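Here is a quick tour of one protein, taken a piece at a time. Have a look at the picture before reading on.

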Amino acid sequence: MQYELIPDSTLVTNYIQGEEYALEILITRHKQKIYSFIYSKVYDRDITEDIFQDTFIKVIRTLKRGAYNEEGKFLPWVMRISHNLVIDHFRKSSRMPKFDNSGEFSIFSVLSDNTLNAEKRIIKDQVENDVRRLVEELPEDQKEVLLMRIYEDLSFKEISDKTGVSINTALGRMRYALINLRKIIEKHNIVLTN
């Protein structure tokens, strides 16, 4: 039997139907690519091995639960799982200090660092996504001011002109937006890294 000719999707179906060998073929087929990807992020063989194993534990659990539905996209799906586990590793790792959320715009300081290596770029992207999701939870008027100030780099005078409110109101909305962001972060026990 020539394993190379069996598509990933067929192997996934066979595994779900109880043919254990099908997963072995999938792991053998994609091990080098996934392992190399993880190693390129963590630069440590032991950690790479752990994350690789955790990736396939997650794959097996998802397949056994019948929760897999990425028809024909097995490798990208597994790569996403390993990518998320790499991020989790860095978040838990003592190499990535907890984000000190005390200064006025400190939550956003991590977004402006342009000299990032691959490891930090993954984390920056994740933090950026996390912050964007948190911002979405803000009341509309606060979110509007915060987005203009942080992402569009507008002055409070420009924000005042654009929104038709006084500068003091714009400042107040920004202040409340930051206070509310801190509350959301604490409520969800979110760890932002820098």
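## The overall layout

Helices here are DSSP runs of at least four residues, strands are runs of at least two, and both are numbered from the N terminus. Keep in mind that this is a predicted model. The protein has nine helices and zero strands, so defined. Read from the N terminus, the order of elements is α-α-α-α-α-α-α-α-α.

Of the 194 residues, 40% are buried. Take the contacts between residues at least 6 apart in sequence: 58% of them join residues at least 24 apart.

## The nonpolar core

The largest nonpolar core holds 49 residues, and those with the most contacts inside it are Ile-38, Val-59, Leu-63, Phe-74, Trp-77 and Leu-146. Among the elements giving it two or more residues are α2 (21–42), α3 (45–65), α4 (74–92) and α7 (140–151).

Let's zoom in on Val-59. Setting aside neighbours within four places in sequence, Val-59 touches Phe-74, Trp-77, Val-78 and Ile-81.

## A look at α4

As for its length, α4 has 19 residues and spans 27 Å from first C-alpha to last, close to the 27 Å expected at 1.5 Å a residue.

## Where α1 meets α2

The axes of these two helices, α1 and α2, come within 7 Å and cross at roughly 145 degrees. The crossing is left-handed. Residues making the contact include Leu-11 and Tyr-15 of α1, and Leu-23 and Leu-26 of α2. Sorted by class, this contact has eight nonpolar, two polar and two charged residues.

Key. Residues numbered from 1 in each chain as written. Predicted model: local features only at pLDDT ≥ 70, side-chain atom pairs only at ≥ 80, totals over all residues. Heavy atoms only, no water. Core = buried A, V, L, I, M, F, W, Y, C linked by side-chain atoms within 4.5 Å. Buried < 20%, exposed > 50% of the residue type's maximum accessible area, 1.4 Å probe, protein only. Contact = heavy atoms within 4.5 Å. Expected span 1.5 Å × (residues − 1). Axes fitted to C-alpha atoms, helices over the stretch in contact; angles between N-to-C directions. Left-handed = near helix turned anticlockwise from the far one by under 90°. Nonpolar A, V, L, I, M, F, W, Y, C, P; charged D, E, K, R; others polar.
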